[in-house]
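Reader: Before we discuss any contacts, could you show me the sequence and the model that we are going to talk about?

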Amino acid sequence: MKVARLPSIALAFQQIKSQAESHWREFQDGGKPVIMVGAATCGRAAGASEVFRAIKGELKKQKLDSSLFKVGCMGHCYAEPIVTVIKPGYPPICYGHVNPVIAERLIREFILGDDPCADFVLGALEENDLVPSFSDFPRAKYEKKVMLKNCGFIDPEQIEHYIANGGYAALAKALQMSPEEIIDDVKRSGLRGRGGAGFPTGQKWEICRNAQGKPKYVICNGDEGDPGAFMDRAILESDPHSVLEGMIIAGYTIGARYGYIYIRAEYPLAVRRVQVALRQVRKQNLIGKNILGSDFNFDIKLFQSSGAFVCGEETALIASLEGKTGLPGHRPPYPAVSGLYGKPTLINNVKTLASVPHIIDHGAEWFANTGTDESKGTAVFTLAGKVVNTGLTEVPMGTTLRQVIFDVGSGIPEGKRFKAVQIGGPSGGCLPESALDLPIDFDSLTKAGAMMGSGGMIVLDEDDCMVEIARYFLEFTQKESCGKCTFCRLGTKQMLEVLDEITRGEGKIEDLDMLNQLAEDIKSGSLCGLGKTAPNPVLTTLHFFRDEYEAHIKEGRCPALMCRELIAYYILPEKCERSCDACVGTCTVEAISTNKKRIKVIDQEKCVKCGTCLGACPPQYNAVVKLSPPGQVPTS
Amino acid sequence: MTKVAFDKKTGMTKKQARIRQETKRILNRFSKKGGNLIPILQKVQGKLGYLPREAMLEIAEFLHMPDIDVYGVVTFYNQFRLNPPGRHSIRVCLGTACHMKGGYITLDAWKRRLEIDRGQTSPDWEFDLDTVACVGCCVMAPVTVVDNKPQGYVAPTKVDGILLSFKLQKEKAGKESQ
């Protein structure tokens with residue numbers, strides 16, 4: 001019976017695929033130009049919607065026929081809004097920092113004329129003799145796109161684009177395999193959970209498949225709560241089908257009936273794109289009853305989380321799905337055995353699930369070829385903070401931090417000096433320059449005191465105070481602590497108070513030992529990952545940057561000139577160009593006045609230390625400085 | 001003092017009755033499963049802008065849950081609010097990148113100009129101010145989400161600029177309506 005049914009799956013899929021391919025060909029090879037506007041959240045915030053409207057208007061005005069559509073994020077967020085133009089006879093070219101005026105010029109001069117507007121080119125997608133291409137970028141040597149393959153190149157709201165580019169082929173293939181074969185494939189690929197903990201995915205699937213109880217559930221954890229990380233958002237916005245396909249394969253493998261995709265409500269665009277994607281897969285019978293003619297039934301529902309960091313923890317996530325407050329529970333039993341409503345539940349991160357179709361498609365060996373011995377495949381990172389090329393990147397596991405920050409990210413802007421990289425969000429740590437040559441994988445960073453986490457990297461330079469960043473993360477975890485475990489609830493509060501005192505210059509040197517002690521206690525006295533890792537930012541900064549803590553305590557000085565209680569703004573009289581009023585005009589609290597010699601003076605009582613005057617003072621004068629401790633300001 | 005009209009039959013004010021009615025209309029679309037609590041709260045807040053007491057009571061009754069459990073969930077999650085929003089919502093992002101690039105200074109600037117603290121609504125109901133953990137636009141830090149649209153590089157001077165543009169809009173609208 002079973003053998004006879006198999007060809008029908010392939011046949012059913014072939015039908016969907018050929019339809020999608022003809023749809024895709026229609027505008028790719030139709031002889032007309034294709035214009036793609038990057039419209040993920042990063043692009044929109046930079047003005048992609050205005051650019052899209054401008055292009056649409058200009059195309060209409062010039063009566064041009066071309067395929068215009070919105071795509072996701074290519075990862076070059078620093079250059080948003082990005083527009084890609086594919087004109088027959090030319091290489092596909094990406095333009096960066098496009099505004100409506102540039103967009104209209106592109107239409108007139110490149111589409112209508114034959115000038116590819118070299119001034120605005122970010123890079124071409126293929127090597128050519130006309131304009132520089134992305135493969136010439138230093139980052140091209142390190143990047144390897146697997147999960148981000150489609151991001152920025154297909155319309156996330158058109159399932160045909162995904163299918164025409166190889167999508168859902170893995171599902172059709174998986175449905176013709178036995179669940180055991182799939183588990184074996186995933187195991188051999190060496191895929192580990194991309195949410196941060198790095199648990200072997202194949203093993204989790206096997207446990208869940210063997211667990212007793214029905215119905216079983218699959219949950220996709222898209223509760224990306226780490227401040228400063230946006231990998232999952234980018235994938236859900238740019239290529240939602242890859243995640244859905246991974247979920248359906250997971251559902252088939254463990255024998256699940258229902259799936260939930262759990263996304264932060266703070267990501268409205270990701271929510272909308274997944275809603276659209278779900279409608280499309282339902283229409284194509286890729287979810288629902290008898291998927292592709294098989295006897296596998298599976299449904300996926302979208303659940304919007306309501307903004308609680310602790311809900312990224314799997315037991316808390318399940319509690320919130322059940323309509324309760326998101327308090328974590330004891331493990332074991334693990335959710336794979338007893339999860340949602342007490343049934344076996346598989347919880348995987350967005351990136352883990354997005355990797356699965358590639359493993360099924362290309363084989364376990366192909367996936368395992370990339371990466372290090374213990375950590376296979378690629379890792380997606382977001383680069384933010386004091387780095388030139390902020391954005392998204394995907395590199396093989398084992399790439400060093402230095403390569404990611406200096407080669408992919410092009411280093412620190414404005415010629416400043418690198419100080420540290422904060423990796424892993426509130427659970428991670430700050431690593432100094434000496435750790436830059438560490439290869440990034442699950443284990444090496446944990447050994448260094450940080451953790452890979454889900455992949456958010458914030459680069460810090462000499463102007464960033466390490467005590468302040470530790471305080472910031474602790475303020476976050478203290479606020480987000482659910483309150484269940486005493487050590488986490490009260491311990492983080494105590495640590496935060498101590499750190500507050502230090503940043504105000506009221507700390508004592510004994511406090512540093514107390515911080516260490518409290519940190520250890522919180523780690524051992526907390527139930528879930530939030531408490532167990534919350535002290536990491538403090539521990540790592542204390543370890544690597546103890547001198548900064550001591551400067552705050554002993555001298556009342558903030559070496560990075562960041563802690564507002566410990567600095568003062570001052571206008572150097574000898575540098576002040578007396579006829580200029582830039583600082584006076586921009587001061588938001590009218591704290592700057594002109595004295596008899598027409599030199600500008602800051603009223604220290606009124607000053608709120610916002611730094612506006614420092615930015616306003618023309619660079620040729622550079623008269624505004626920050627002083628620490630504030631007592632250095634001369635009293636006249 | 002304004003006169004509050006009570007309905008003689010139910011003992012509720014008109015506003016309370018309206019809230020109950022709106023909530024009921026939304027509840028009709030859901031089954032009485034506990035797992036629906038959060039989606040219901042999201043829909044009700046989406047409609048009313050906040051979660052008034054009457055709405056929570058109505059939901060608790062519908063799901064056969066103790067009132068306190070509904071209140072517990074509402075106060076646990078950051079998304080839910082107990083007081084009505086202003087006409088314009090100001091959400092200052094305090095993600096890591098925004099913080100390191102001066103998000104707290106931006107927050108101070110909003111507080112100073114609007115003369116309210118985070119979590120509050122201005123007395124004229126024009127603005128409500130709050131913070132958000134991270135909207136994922138770290139590239140354009142510091143970010144403020146104004147009326148659900150993320151705005152990048154919001155330094156104190158841009159705060160003044162945004163407020164000025166609202167003021168001008170309002171004046172223009174005022175003139176047109178005259």
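**Domains, helices and the chain contact**

Author: In this predicted model, the centres of domain 1 of chain B and domain 2 of chain B, taken over C-alpha atoms, are separated by 29 Å.

Reader: Which residues of chain B belong to domain 1, and which to domain 2?

Author: The division of chain B gives two domains. Domain 1 covers 14-76, and domain 2 covers 88-177.

Reader: How are helices α17(A) and α18(A) oriented to each other, roughly parallel or roughly antiparallel?

Author: Helix α17 (residues 466-480) of chain A and helix α18 (residues 486-503) of chain A have axes that come within 9 Å and cross at roughly 150°. Angles over 145 degrees count as roughly antiparallel. The two helices, α17(A) and α18(A), are therefore roughly antiparallel.

Reader: Which residues of α17(A) make the contact with α18(A), and how many residues in the contact are nonpolar, polar and charged?

Author: From α17(A) the contact takes V467(A), E468(A), A470(A), R471(A), L474(A), E475(A), T477(A) and Q478(A), while the α18(A) side includes L496(A) and L499(A). By class, the contact of α17(A) with α18(A) has seven nonpolar, four polar and five charged residues.

Reader: How many residues of chain A are in contact with chain B, and which elements of chain A give two or more residues to that side?

Author: On the side of chain A, 43 residues are in contact with 37 residues of chain B; by class, that side of chain A has 19 nonpolar, 19 polar and five charged residues. The elements of chain A that give two or more residues to it are α2 (41-45), α12 (314-321), β10 (378-385), β14 (456-461) and α17.

Note on methods
Residues numbered from 1 in each chain as written. Chains lettered and ligands numbered in written order. Predicted model: local features only at pLDDT ≥ 70, side-chain atom pairs only at ≥ 80, totals over all residues. Domains from an automatic or database assignment. Axes fitted to C-alpha atoms, helices over the stretch in contact; angles between N-to-C directions. Helix = DSSP H or I, 4+ residues; strand = E, 2+ residues; numbered from the N terminus. Parallel < 35°, antiparallel > 145°, perpendicular 65-115°, else oblique. Contact = placed C-beta atoms within 7 Å. Nonpolar A, V, L, I, M, F, W, Y, C, P; charged D, E, K, R; others polar.
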